[in-house]
Amino acid sequence: MIMSAFNAIGEEREIDRDEFTPGVEPQPTWCPGCGDFGVLKSLKQALPEVGKTPEEVLTVTGIGCSGKLNSYLDTYGFHTIHGRSLPVARAAKLANPELEVIAAGGDGDGYGIGGNHFIHTARENHDMTYIVFNNEIFGLTKGQTSPTSPKGHKSKTQPSGSAKSPLRPLSLSLNAGASYIARTAAVNPNQAKEIIKEAIEHDGFAHVDFLTQCPTWNKDARQYVPYVDVQESDDYDFDVSDRAEAAEMMRETEDVLNEGTVLTGRYYVDEDRPSYTQEKKAVGELPEEPLAERYFDD
Ligand code: SF4
């Protein structure tokens, strides 16, 4: 699919979805059936459809199976240490506010080891997309219990079943201050692409909890139960721009595990809150003109 876009120095050019596939293509080493393929595919489809060229995008990943994402995506990339994708992504965005920054990691990486960064990046509403590959376990290190593993989940680290209640990432994100919050799933590629597009186009911290099945280490997870799109279903009627209604919706539905369905879709969208970049420009700590104009002026 060919689309028209403007590159970093304002020149119009055509862009093809295939440009996001590396020329020397490393074959993904994810296991067959892994949900991570769904994230990669959604990004490759979404980026050109919102007019982004590879040289306009930075993808920052942490450690885990999800951390391989930027090896298979031909954008600028930074594979950083465990749980630290967000501080690196924040620094890059502040250095070059025109860069489209996408941070990614797993539930262990982002909600556990990097949980502190998650809270404060949401609180400050940094302008980026954060995709959390949520398979409810640590996949790369062979299936240990993660912050989103359901109570009772058995693993090598919790052989009798986890006694811990799982983290509620959507509610945490809302309370911390994220201005776009959605949940989607690798098994629902059309919805996933649309949500990734919205997240990229959103000004502010866009948190996408992306349910990714791990057929190797988590065979009984909710990633295998049917998904319901909250925007498509007549059973759910709430205003995504209303914080109280979004909070109530999350409280009622976020934790539904293996009870028939899992809900996906947009949970909260705040178009009015200024992003951290906008706040910095307003107080004069970031220049208004694009970086390209500063360096490519004649
Ligand atoms: Fe995917 Fe699980 Fe295999 Fe990792 S271990 S590549 S998460 S299926």
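Asn-125 is buried (under 20% relative accessible area, with a 1.4 Å probe and protein chains only; exposed is over 50% and partly exposed is in between), with a relative accessible area of 0%. This is a predicted model, in which local features need pLDDT of at least 70 and side-chain atom pairs count only at pLDDT 80 or more, while totals for chains, interfaces and linings use all residues. Residues are numbered from 1 along each chain as its sequence is written, and side-chain values use heavy atoms, with hydrogens and water left out. Helices (H or I, at least four residues) and strands (E, at least two) are DSSP runs, numbered from the N terminus.

**Residues with positive phi**

- Most residues other than glycine have a negative phi.
- Asn-125, which is not a glycine, has a positive phi of about 55 degrees, and its place is the loop between α4 and β6.
- Glu-136 is not a glycine either, and has a positive phi of about 65 degrees.
- Glu-136 lies in the loop between β6 and β7 (137-138) and is buried, with a relative accessible area of 1%.

- Two packed helices are described by the angle between their axes and the distance between the axes.
- Axes are lines fitted to C-alpha atoms, for helices over the stretch in contact, and angles run from 0 to 180 degrees between N-to-C directions.
- Helix α1 (residues 36-49) packs against helix α6 (residues 189-201) at about 45 degrees, with the axes 9 Å apart.
- That angle makes α1 oblique to α6; angles under 35 degrees count as roughly parallel, over 145 as roughly antiparallel, 65 to 115 as roughly perpendicular and the rest as oblique.
- From α1, the contact (heavy atoms within 4.5 Å) is made by Ser-42, Leu-43, Gln-45, Ala-46, Leu-47 and Glu-49.
- From α6, the contact is made by Pro-189, Ala-192, Lys-193, Ile-196, Lys-197 and Ile-200.
- By class, this contact of α1 with α6 has seven nonpolar, two polar and three charged residues.
- Ala, Val, Leu, Ile, Met, Phe, Trp, Tyr, Cys and Pro count as nonpolar, Asp, Glu, Lys and Arg as charged, and the others, Gly among them, as polar.

**Helix α4 with helix α5**

- The axes of helix α4 (residues 115-124) and α5 come within 8 Å and cross at roughly 45 degrees, which makes α4 oblique to α5.
- Phe-118, Ile-119, Ala-122 and Arg-123 of α4 meet Pro-169, Leu-172, Ser-173 and Ala-176 of α5.
- The contact of α4 with α5 divides into six nonpolar residues, one polar and one charged.

**Other single residues**

- Val-132 is in strand β6 (residues 128-134) and is buried, with a relative accessible area of 0%.
- Leaving aside neighbours within four places in sequence, the contacts of Val-132 include Gly-105, Tyr-111, His-207 and Phe-210.
- His-153 is found in the loop between β8 (144-145) and α5 (169-176) and is buried, with a relative accessible area of 9%.
- Not counting residues up to four places away in sequence, His-153 touches residues including Ile-137, Gln-158 and Asp-220.
- Pro-87 lies in helix α2 (residues 85-95) and is partly exposed, with a relative accessible area of 28%.
- Pro-87 and His-117 are 30 residues apart along the chain, and their C-alpha atoms are separated by 6.8 Å.
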